Each structure stands twice: as structure tokens, then as C-alpha cells.
Amino acid sequence: MIRRFAAVLALALAVAPAAAKEEKLNDAQIAHIAYTAGQIDIQAANLALAKSHDNMVRGFAQEMVRDHTAVNDKALALVKKLGVTPEANPVSASLTEAADKKRSQLNHLDGAAFDRAYVENEVAYHKTVNGALSKTLIPDASDPELKQLLETGLKLFEQHQEHAEHVAAMMH
Amino acid sequence: MTSISARAGFCLLAIFTSAAAPAPTAHRFRIVIQDLAFGAAPAGIRVGDTVEWDNQDILVHSVTAQDQSFDADVKPGAKVSFTMHRAGVIRYLCKYHPGMQGILNVGE
């Protein structure tokens with residue numbers, strides 16, 4: 001079920017690859033994974049907004065909340081229109097588990113240490129999600145509208161990755 | 001007398017000339033924002049014309065001139081417009097998604 005996507009995510013997010021099987025993801029699973037990935041980044045951004053006092057970091061976090069909320073709202077509207085019920089799956093579960101761990105680690109940091117760790121994680125996270133979108137989720141999506149939304153998401157998240165890299169570079 | 005007639009004639013000529021050549025009409029140009037990109041810059045924009053940005057994307061964007069001549073957020077489904085007050089090349093971007101960039105060529 002997880003196939004190439006698991007390989008990509010497992011590498012960067014330390015997701016156990018044991019659950020990987022050679023099956024193509026269906027649209028309900030893809031929608032669930034994409035939505036989960038967005039929610040994870042919103043939660044991380046909300047943590048940053050609660051902990052960081054750095055204007056650059058806070059600006060980036062606000063952008064993540066605003067953009068991922070918009071994309072997820074659009075995704076919810078689309079699955080409703082298509083009559084698709086997002087389907088929980090091992091990839092979504094692994095993503096959530098890895099994100100919970102990372103958020104817990106971040107929560108124990110403060111000040112500049114938190115800012116650095118948050119932004120570095122954002123770079124890695126967007127890189128990973130973008131790889132998964134381009135290599136697996138978009139090619140596997142069947143519905144043209146879902147594919148289109150994922151392509152828009154990829155374009156957006158590539159900009160987020162660039163922005164995160166820029167913020168990270170400014171911190172060094 | 002001759003002088004007065006000449007002046008009157010000149011004034012009439014001036015009024016006639018003025019009526020025959022009205023000031024150029026200001027135009028309105030439209031740029032669609034879609035799929036994280038600004039549409040192509042319209043040709044023929046002149047000082048006094050208005051450019052309208054129509055956000056058909058799912059995200060909030062901004063139209064922010066690098067020379068600070070205009071800056072506004074534009075929500076999904078909304079429009080924002082600015083009148084061009086100076087000629088030249090105006091580079092602009094979305095401050096939230098700096099990869100989105102556009103150029104306006106404004107003539108005299």
C-alpha cells in the first residue's frame with residue numbers, strides 16, 4: 001500500500017518501512033495522507049507561534065497556518081464533492097506518529113534553540129512531503145481534480161521549502 | 001478691433017481644438033492570479049490606467065510593488081486594483097509567496 005511513498009517518508013521521518021507493500025494508493029488514501037501532512041504542519045506552526053518570539057519565524061509559521069488551512073479546506077470541499085471518504089492508512093498513521101515525536105522534542109526547546117530546530121525541521125519536512133507528492137501521490141491520484149489540487153499543493157510547498165531554507169540561512 | 005477679433009478667433013480655435021482632441025481615456029487592465037502565478041502582464045498600460053488583479057487562486061496573495069507604489073492583500077475570489085501614476089518598469093511580487101513575481105511596463 002505504501003510503496004515508494006513509504007521509502008521516501010521512512011528515510012526522512014524515521015517511519016518504520018515494515019508496513020510497506022507493493023500496492024498503489026487509492027484516492028481516498030491519498031486525500032487522507034495529504035490532509036494529514038497539512039494538519040501536521042499547522043500543528044507545528046501553532047507550536048512555533050506559542051513559543052517563538054522571533055518575527056521571521058513567527059511570520060513563517062503564520063504563513064504555514066494560512067496556506068495549509070486553505071489547501072486543507074479545499075481538499076475537504078473536494079472530497080465532499082467527489083463523494084470520497086478519506087481513508088486512514090499506515091502512511092498517515094506513521095506521519096502522525098513521527099510528527100508527534102518531533103513536536104514533543106521541539107516542545108522541550110526554547111528560544112533560539114527552538115527556532116533553529118523548528119525551521120530545520122520545516123526544511124526537512126517540506127522536502128520530504130514534496131518528494132512524496134511528486135514521486136507518488138500525484139502520479140497515483142486518479143481523479144483529475146484531486147491531481148490538480150495536489151499539483152497546486154506541490155507548487156505551494158516548494159515555495160514553503162524555499163522560504164524555510166531562506167529563514168534557516170538567515171539564522172546562521 | 002482687429003486685435004479683439006483675432007483674440008476671439010484664437011479662443012474659438014482653442015476651444016474647438018480642445019473639443020476635438022479630448023484627453024486620452026483611462027483604460028482598465030486585468031491580471032488573473034491562478035495556480036500560484038500572476039497572469040501575463042497586459043501590453044499598452046499607460047499612466048492613469050488602472051490595473052486590476054483578480055485572485056482566482058485558493059490562497060491569500062498580495063500584490064506588492066518593489067518600488068512601494070502599491071501593496072495590498074487579495075483574498076481568494078477577491079479583486080484589487082491600482083491606478084498607475086508613473087511611467088516605467090514596475091516589478092511586483094506576492095510578499096507571502098515571493099516566487100510569484102510580475103512586471104508592469106507603464107508608458108507615458
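Author: A helix here is a DSSP run of H or I that covers at least four residues, and helices are numbered from the N terminus. The model is predicted.

With that meaning, helix α4 of chain A spans residues 90-107 and contains both Glu97(A) and Lys101(A), which lie four residues apart, about one turn of the helix. Their side chains meet in a salt bridge, with N and O 3.9 Å apart. Side chains of opposite charge can pair when their charged atoms come close. Over all chains, a search of the whole structure finds 11 salt bridges.

Between chain A and chain B, the rule finds one salt bridge. Lys155(A) forms a salt bridge with Asp35(B), and the closest N and O atoms are 3.3 Å apart. On the side of chain A that touches chain B, the elements giving two or more residues are α3 (55-82) and α6 (144-171) of chain A. By class, that side has four nonpolar, three polar and five charged residues.

In extent, the contact draws 12 residues from chain A and 10 residues from chain B. The buried area is about 1,000 Å², and carbon and sulfur atoms give 59% of it. Within chain A, the residues that lose the most area to chain B are Arg66(A), Lys155(A) and Gln159(A), which together account for 45% of what that side buries.

Helix α3(A) also packs against α5 (residues 111-140) of chain A, at an angle of about 40 degrees and with the axes 11 Å apart. The crossing of α3(A) and α5(A) is left-handed. From α3(A), the contact includes Phe60(A) and Met64(A), and from α5(A), Tyr118(A) and Val119(A) are among the residues involved. The classes represented in this contact are six nonpolar, two polar and two charged residues.

Definitions and conventions
Residues numbered from 1 in each chain as written. Chains lettered and ligands numbered in written order. Predicted model: local features only at pLDDT ≥ 70, side-chain atom pairs only at ≥ 80, totals over all residues. Heavy atoms only, no water. Contact = heavy atoms within 4.5 Å. Buried area = accessible area lost by both parts, 1.4 Å probe. Salt bridge = Lys/Arg side-chain N within 4 Å of Asp/Glu carboxyl O. Nonpolar A, V, L, I, M, F, W, Y, C, P; charged D, E, K, R; others polar. Axes fitted to C-alpha atoms, helices over the stretch in contact; angles between N-to-C directions. Left-handed = near helix turned anticlockwise from the far one by under 90°.
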